[in-house]
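This report looks at one residue and its surroundings, and then turns to the interface between two chains.

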2 protein chains.
Amino acid sequence: MTTTEAYAGTRARDARPEVVALADAFATRFPEIAIRVPSAATAPYRYDRGTAPRVESPISDDEHGPLVALPGTPEQVQDVVRLAAEFGVSVVTRGAGSGLSGGASARPDQLVVSTERLNRILEVAPLDEVAVVEPGVINAALNEHVAPFGLFYAPDPASFEISSIGGNIATNAGGLRCAKYGVTRESVLGLDVVLADGSLVSVGHRSIKGVTGLDLTSLFVGSEGVLGIVVRATVRLRPIPVARQTVTAFFESTPAGASGLAAITRSSVRPSVVEFFDEPSLTGIDAFSGSGLRRRGASLILVELDGYGIAEQAHDLTVALEAVGGTVRVESDEDGAALWELRRHGRGFTEPQWFVGEDIAVPKSRLAEVYARFAEVEQRYDVAISAVSHAGDGNLHPAITRPIGDADPADRPAELDEAATELVRIALGVGGTVSGEHGVGTVKLDWAALELSDRNRAAQRALKAALDPTGLFNPGKAI
Amino acid sequence: MTTTEAYAGTRARDARPEVVALADAFATRFPEIAIRVPSAATAPYRYDRGTAPRVESPISDDEHGPLVALPGTPEQVQDVVRLAAEFGVSVVTRGAGSGLSGGASARPDQLVVSTERLNRILEVAPLDEVAVVEPGVINAALNEHVAPFGLFYAPDPASFEISSIGGNIATNAGGLRCAKYGVTRESVLGLDVVLADGSLVSVGHRSIKGVTGLDLTSLFVGSEGVLGIVVRATVRLRPIPVARQTVTAFFESTPAGASGLAAITRSSVRPSVVEFFDEPSLTGIDAFSGSGLRRRGASLILVELDGYGIAEQAHDLTVALEAVGGTVRVESDEDGAALWELRRHGRGFTEPQWFVGEDIAVPKSRLAEVYARFAEVEQRYDVAISAVSHAGDGNLHPAITRPIGDADPADRPAELDEAATELVRIALGVGGTVSGEHGVGTVKLDWAALELSDRNRAAQRALKAALDPTGLFNPGKAI
């Protein structure tokens, strides 16, 4: 799309005057920067996946979204930031919009800076085991690009096929492989960031080690767009393992499987992935996908091993899990692939449900206890709760549901969110956190206040103010 | 030592009035907090290992060190910080004093807060794979304590037998195993920190994952005492590997060995440790320790493998290193242990030398190039340069020397530091950093300015000011 085309949308009649003035300034002073004027066409920018209406309705002519800028270079990002500051319009940076906590949601009086045109893989350096990428590169595209070098980029949020590296950095995205390979932070060595004054600053390094000054790289990772706009990232790559092996352990009940997880911790094996499925998760997958998991047991620990000595690893894991009552099978490559496909895409509903997806993390010794407390929450709030967990790092994703039945889908019962809050309190009670990997955004702001002390949050706000004194970037989010 | 004993030193006559007043206030208002008054006995607190005089001389009665406080609880640390702020005396936090960049050096007009009495291991939780420790715990003591659980704490700076976890956190200490297990930052999950206003704040989490708010934990790690005082840390433990294996590869020259390092990167093997010794390092170790390394070759890649499939790993590594001209041997346990002992303690001088030890890190593909440029620096500054490297992560430790001979040892030639600066410029020229793992402290402040842009350093100072507006903590250091 050319700039002219981009600007050609029909501007909403009731757009804010300062936003209209900003749009006009883009067109006259920076015609090379593509924009989309506030209009019905930009309405989707009001939401990410965590805040989009669960019941879709057509956009009326009266509704409109924010102004959107689509810079194609770091320098254009600088121009965008300076112009937004000049007009007093706050900035929401947006990657692929796949976030689940509202971090990329924008009001009509804001400017969205989309990184979708900053999507180049600038360099792959196999002997340094790094890649240099722009933020709009899709996670899966980076992995496809570096695979011929025998390398992979480890962070693998469930959204890896659609989420951007910049968005992954903004949320410090996790995924399945984190217990072994770390979260996004462990794979980001350096960043180029545009600050609120429009300056471009390089932080971090290209070597694995480097301790010159404060670790600004880690501070920007996971900062959910409140400190600056990442325009370039140096990320760490790793060699593709010499072997991978899927192992399943089915148990006779959810508590038996949840307790069985500790056997992995007590063993010498550290799998690349450990996923735990409780009974309702298995039943739900079978109903939605036609699989037959529940016939094999009432709960499932699904493991991926990788690296050297894979047979020895599988043996030790089998011994450990059989000792706690697991029915263990070393899967064929084909069966293993089918299981991971079910893990990623096998869940869904056979009838309409109200739904809340949660993202709590707890010390992993407490996982079984958290599962055991689902029943009381289900009963109290008349909801159903199931959870698949990244059990290797204590990260649960409870799904809280209630059938819609004959009710109006828009008439969402408050009990779902109340049940979610109850789960959050349970997680905090065992030393956990309100967000394992999705971020705080707007959705979890109240819960963050339950976890973090006033002094902690005051410190966070002070750090934000130090880098962004006027509150230009993503105000009201994350902290 | 009781408080009374601690206070019993003879106070230096010329101690600053505000420091004297502060010492008196401790004695009257917080008699339970042990202190050491400014005196000849506290003179060693003026230095860490990076700034201590290279030529020892007796301390005269005219010299004195700073006031030292030795709090035994987090609450006492809070009292100490509040009192120091009240009297306008700045605070230098000190662990074991083993730092190499001056971060813990204190002037006589400052207050040293020593963490040596905060030395308890509060908890080991094998099923969470974490330990909770106070900052004064010695790195090696933590590992001894957790070994019976089958666990280890991965960060292993060369100083691990004498350095404290708090000091390791302050410098984001590296070590030998970092390429595989990460630096200190990757092993710190949560911290309790006393801030400049005396408040105690908990940051981070006990689960592996957690993204609630800005990553303050990572910001404190490596902040060299300028942001707060760590009083408790939750650190990550890992299972002791099922096997370890030492492998050597000798080469016919330094360039051949340095170039051979890339063969490891191109292979599928990721050793836990990869150390590279150039020719003068081997010669020097033989001369000092009576070993016979140089007879086996002119440079050495010393590798530790660990984990499953150790024989297969050793095989693949052997094939890779023989293909680039290495003479490879899989060492016996006994010979392997002897080699690691030489690595850690085998270096020294057989005749008096002026000496500068450096700590640069470069993208690992550039290691061979950096070694190749030693000759020009040796010639220009009339010094000898040798370097052992943590080659797996690109971290070189060049030793720059010149024999003292008949000269006055105190008459240290400027060329040593000039040669060090030249090496720093070479590292920066290939995309490296001025400090791989020792920190900036005072020693590398000028060099940090060569690496970091003005805007970067301004951002760091703004962050410091946000948490410590009066500059109470370690002023003039690190940033």
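In this predicted model, B:E358 is placed in the loop between β16 (353–357) and β17 (360–361) of chain B. B:E358 counts as buried because its relative accessibility is 4%, which falls under the 20% cut-off. The side chain of B:E358 is joined to that of B:K444 by a polar contact of 3.1 Å. Leaving aside residues up to four places away in sequence, B:E358 touches B:L396, B:H397, B:P398, B:A420, B:V424, B:V434, B:H438, B:K444 and B:W447.

The second topic is the interface of chain B with chain A. Here 82 residues of chain B are in contact with 83 residues of chain A, and B:K209, B:L214 and B:Y308 supply 14% of the area that chain B buries against chain A, more than any other three residues. The values for the pair of chains are set out below.

| Item, chain B and chain A | Value |
|---|---|
| Area buried between chain B and chain A | about 6600 Å² |
| Part of that area given by carbon and sulfur atoms | 60% |
| Salt bridges between chain B and chain A | 12 |
| Residue pairs in polar contact between chain B and chain A (both at pLDDT 80 or more) | 42 |

Among the elements that give two or more residues to the side of chain B that touches chain A are α8 (254–266), α10 (310–322) and α16 (454–467) of chain B, and α16(B) gives the most, with 8 residues. The residues on this side of chain B divide into 34 nonpolar, 29 polar and 19 charged. Between the two chains, the side chains of B:E129 and A:R270 meet in a salt bridge, with an N to O distance of 2.9 Å.

Methods:
Residues are numbered from 1 along each chain as its sequence is written. Chains are lettered from A and ligands numbered from 1 in the order in which they are written. This is a predicted model: local features need pLDDT of at least 70, side-chain atom pairs count only at pLDDT 80 or more; totals for chains, interfaces and linings use all residues. Side-chain values use heavy atoms; hydrogens and water are left out. Contact means heavy atoms within 4.5 Å. Buried area is the accessible area (1.4 Å probe) that two parts lose on being put together, summed over both. A salt bridge is a side-chain nitrogen of Lys or Arg within 4 Å of a carboxyl oxygen of Asp or Glu. A polar contact is a pair of N or O atoms within 3.5 Å; within protein, one must be able to donate a hydrogen and the other to accept it, and residues adjacent in sequence count only if both atoms are side-chain atoms. Helices (H or I, at least four residues) and strands (E, at least two) are DSSP runs, numbered from the N terminus. Ala, Val, Leu, Ile, Met, Phe, Trp, Tyr, Cys and Pro count as nonpolar, Asp, Glu, Lys and Arg as charged, and the others, Gly among them, as polar. Buried means under 20% relative accessible area, exposed over 50%, partly exposed in between (1.4 Å probe, protein chains only).
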